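This briefing collects computed features of the structure shown below, grouped by topic. Please read it with the sequence and the coordinates side by side.

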Amino acid sequence: MTKMKLITITLAVALAMPIVAAAQTTASGTLTVNATVQSSISLVFNSDAAGVVLGGAGTNAATMNLGTISAYGPLSAGVGRSVTAGTSFTVTSPFDVQVDKSNITSSNYTLTAQLNAADATNTWAISGSGVTNASATTLTATGAYGSSTQYTLGLTVPLTSGAGAISNIVNFAATAN
Amino acid sequence: MQATKHNSLTKPRQERHGWHGCPQIENEKKIRPWESVGIGGVSWLMAVAAMLLLAGSAHAQLNASGTLNATLINKSGISIVFNSDASGVALSGSGTAAAGLNFGTVSMYGTAPAGVTVTRAAGSFTVSSPFDVFVDIGGTASPSYRLQANLAAVPGVYSYQIDAVPLSTALTTVVAADPNYRTNVLHTMYLTIPASAPAGAVSNTVQFTVTAN
């Protein structure tokens, strides 16, 4: 009988312990947050106050529409022109390039440009540097981060070429130094 | 055949079984069955009776009854677990009280991982992801719970925030009275990374405390 009482007490205590341990009005949990930060830089095109308004300004895929151009006729706002008598005329328009950096120890960047497709008739240039599809042209090797830098697109059209649409894409690449 | 049968019937009586019917034996002391087999002076009948008693005793133990007086103290209990939200990153340890939220590889200008939203600002960017908090309770009629959180480690140049509540190593109330027991409640974890911070791993642990109101 004494043994039975002992077993009874033991069982009672064993059953009561988990209930007491579980009794609580506060609970806790942990959420571990992880991330891996990667270095990155960005390039965007901005409209220049003196140039044509870019389509997609503020992005890295903008468009510049020079409108209807001619050697002697009127031009759209923001478009400049120079004529080489008897040879060609060149239309120009400034635009801005801004390169930003994040989570990287880089003091400056290199900016290059390259035509997407060959143009056997017309001549393309960025701020006086010829741009073709053959290779990338370096526009600057010491570009400053965080501010808009003005560049000028130049398109030279021979006077002998036929009238019609001209289109090409200039691929820009900024590389952190 | 007949002779064999006769011979069998004419065997000496002392060789036949039984204790009566034979004049020679009837004159001898009659031996009773319970007297013919003795084991240490105890008849086999008594031995059988003892075995029956023992068997009865064993049978009684299988049917023994007792009373267990257990006193259960019914106190309230509350629990918290984290669940992945359908629109956020999948939590490791989802469904437990010790989960992990990995934003993955993030950058200011790169493509955000699935379930992660990147918000850029001047000089920093913020990654965010929703997650669910599930609080259960029993043994009490609590109308709501208070959700608090704090960072386990000093965050340095990084900023952590749950919903609109910035976190620090001090316990901070995220929600003072949330009545939504037993349901997933969406919260959003924000991590702001300065552009000047170096590339590499970022880690901290958010400790949650939920208290029944």
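Chain B averages a pLDDT of 79, with 66% of its residues scoring at least 70, where pLDDT is the predictor's confidence in each residue on a scale from 0 to 100. This is a predicted model, in which local features need a pLDDT of at least 70 and side-chain atom pairs count only at pLDDT 80 or more, while totals for chains, interfaces and linings use all residues. Residues are numbered from 1 along each chain as its sequence is written, and chains are lettered from A and ligands numbered from 1 in the order in which they are written.

**Confidence and overall make-up**

- The model scores ipTM 0.74 and pTM 0.71.
- Residues 1-60 of chain B have a pLDDT below 50, and beyond near neighbours in sequence this stretch has 19 contacts in the model, a contact being two residues whose C-beta atoms, placed from the backbone, lie within 7 Å.
- Chain B comes to 4 helices and 12 strands, which are DSSP runs numbered from the N terminus (helices H or I, at least four residues; strands E, at least two).
- Of the contacts in chain B with a separation of 6 or more, 63% join residues 24 or more positions apart.
- Of the 213 residues in chain B, 21% are buried, a class that requires 20 or more other C-beta atoms within 10 Å of the residue's own, with C-beta atoms placed from the backbone.

**Strand β6 of chain B and its partners**

- Strand β3 (residues 77-84) of chain B pairs with β6(B) in the antiparallel sense over 8 bridges, and Ser79(B) stands opposite Asp136(B); two strands count as paired if DSSP finds at least two bridges between them.
- Strand β5 (residues 117-121) of chain B is also antiparallel to β6(B), over 5 bridges, with Val118(B) opposite Val127(B).
- The hairpin of β5(B) and β6(B) has 2 residues between the strands, and in this hairpin Gly123(B) takes a positive phi near 85 degrees.
- Strand β11 (residues 184-194) of chain B joins β6(B) through 11 bridges, again antiparallel, and Tyr190(B) is the bridge partner of Ser128(B).

**Nonpolar cores**

- The largest nonpolar core holds 41 residues, of which Leu101(B), Leu191(B) and Val210(B) touch the most other members; such a core is a set of buried Ala, Val, Leu, Ile, Met, Phe, Trp, Tyr and Cys residues joined through C-beta atoms within 7 Å.
- Strand β6 (residues 124-138) of chain B supplies the largest share of this core, 6 residues.
- Apart from this core lies another, of 20 residues, including Met64(A), Val91(A), Val131(A) and Ala174(A).
- Leu101(B) touches residues of both chains, among them Leu31(A), Val33(A), Phe131(B) and Met189(B).

**Asn103 of chain A**

- Asn103(A) lies in the loop between β4 (88-102) and β5 of chain A, and counts as buried because 22 other C-beta atoms lie within 10 Å.
- Although Asn103(A) and Val37(A) are 66 residues apart in sequence, their C-alpha atoms are 7.5 Å apart in space.
- Among the residues that Asn103(A) touches are Val37(A) and Gln38(A) as well as Ser107(B), Met108(B) and Pro198(B).

**An open sheet in chain A**

- Three strands form an open sheet in the order β8-β5-β10 (chain A), with antiparallel pairing.
- The edge strands, each pairing on one side only, are β8 (137-143) and β10 (170-176) of chain A.
- Strand β5 (residues 109-115) of chain A is joined to β10(A) by 7 bridges, and Gln114(A) has Asn171(A) as its bridge partner.

Note on methods:
Buried ≥ 20, exposed ≤ 12 C-beta atoms within 10 Å, placed from the backbone. Lists of a residue's contacts leave out its neighbours within four places in sequence.
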